[in-house]
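Please keep the structure in view while going through them.

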Amino acid sequence: MKKPELEQRWKDLLEWYPENDIEKVLVAYSGGKDSTLVLDSALEAARDVEAVIIDDVLYPDQEIEEAKRRAESMGAKYRLVKTDKLSDQKFKANPQDRCYYCKKELFGSISVKEGETILEGTNATEVKGHRPGLKAVKEHARAPLLETGIGEKEVREILEWRGRDVWDKPSFACLASRFPVGEELTEEELKKVERIEKELFGSGIEQLRVRCFGDTARLEVWPKDMYSIINNREEIVALLKKEGFHRIFLDLEGYRTGSISPEGG
């Protein structure tokens, strides 16, 4: 997209705020590309802005700390809200519409004062396919990227043009996406995945999902990272066996969203 087009799309996003009479906002902020663009635009176009960062076992500590650092670097005030999504038995059962219960609980945990609007980062590309979380967004929040028709590719391009270093950050989904639909989620298993992925990301792998099927782990990485997995095979096998996996596979199709869950991730 050329610079004049980027400028126009950015202008469209900023104009969305006065067009919808939105001045005081709470941005559900993960530190990823979409919510960063929403926060960036809100800081430009709204009168009162606060980022809300959720602290839950579903999100690795590293992601939470990164969200805090990024909000601070943008000059945004933020609050940290502790939640316990596993206390919701409907969510813990890991049904096909898990994301609906997740987002509903997320929005419900945000204390909203009169005149404030919760903003969320769903973009126009994400409405395709099975998206139960979108129902919760429509019930409790507004999604400026979706409402202005800004898709995933435009998000990256606008962020790069704006000089936001998150523009090429690999996508992240909550740790629940590592488990097949219908398998009950537990804090122990979620923390296990977090430990393994943190270790492997630390070795230089850029994108990774450790998909869990009982005592079997399937590793999904970008094709260029497969060489790193193979070259460090013995160490990786030892790490996963220490965590209780007896069978370990490298998925030759590579990382892709929705490989074990219709909700993606």
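**Notes on the structure**

1. K85 is buried, with a relative accessible area of 1%. The structure is a predicted model. K85 is placed in the loop between strand 3 (78–82) and helix 4 (89–92). Leaving aside residues up to four places away in sequence, K85 touches I54, D56, L58, Y59, F91, C102, E105 and L106.

2. Most residues other than glycine have a negative phi. D21, although not a glycine, has a positive phi of about 55 degrees. N94 is not a glycine either, and has a positive phi of about 60 degrees.

3. Are D21 and N94 buried or exposed? D21, in the loop between helix 1 and strand 1 (24–28), has a relative accessible area of 62% and is therefore exposed, the cut-off being over 50%. N94, in the loop between helix 4 and helix 5, has a relative accessibility of 0% and so counts as buried, the cut-off being under 20%.

4. Two packed helices are described by the angle between their axes and the distance between the axes. For helix 1 (residues 3–19) and helix 2 (residues 33–45), the angle is about 65 degrees and the axes are 9 Å apart. The crossing of helix 1 with helix 2 is right-handed.

5. Which residues of helix 1 and helix 2 meet? Helix 1 contributes W10, L13, L14 and Y17, and helix 2 contributes L37, V38, D40, S41, A42, E44 and A45. By class, the residues of this contact comprise 8 nonpolar, 1 polar and 2 charged.

6. Helix 9 (residues 187–202) packs with helix 11 (residues 233–242) at an angle of about 165 degrees, their axes being 10 Å apart. Angles over 145 degrees count as roughly antiparallel, so helix 9 is roughly antiparallel to helix 11. This crossing is right-handed.

7. In the contact between helix 9 and helix 11, I196, E199 and L200 come from helix 9, while I236, L239 and L240 come from helix 11. The residues of this contact divide into 5 nonpolar, no polar and 1 charged.

8. Which residues of helix 6 (residues 133–140) are buried? They are G133, L134, A136 and V137. Viewed down the axis of helix 6, these buried residues fall within an arc of 155 degrees, and therefore they line one face of the helix. Among the elements covering them are helix 5 (98–109) and helix 7 (144–147).

Note on methods:
Residues numbered from 1 in each chain as written. Predicted model: local features only at pLDDT ≥ 70, side-chain atom pairs only at ≥ 80, totals over all residues. Heavy atoms only, no water. Axes fitted to C-alpha atoms, helices over the stretch in contact; angles between N-to-C directions. Helix = DSSP H or I, 4+ residues; strand = E, 2+ residues; numbered from the N terminus. Left-handed = near helix turned anticlockwise from the far one by under 90°. Contact = heavy atoms within 4.5 Å. Nonpolar A, V, L, I, M, F, W, Y, C, P; charged D, E, K, R; others polar. Buried < 20%, exposed > 50% of the residue type's maximum accessible area, 1.4 Å probe, protein only. Arc of directions from axis to C-beta. Parallel < 35°, antiparallel > 145°, perpendicular 65-115°, else oblique.
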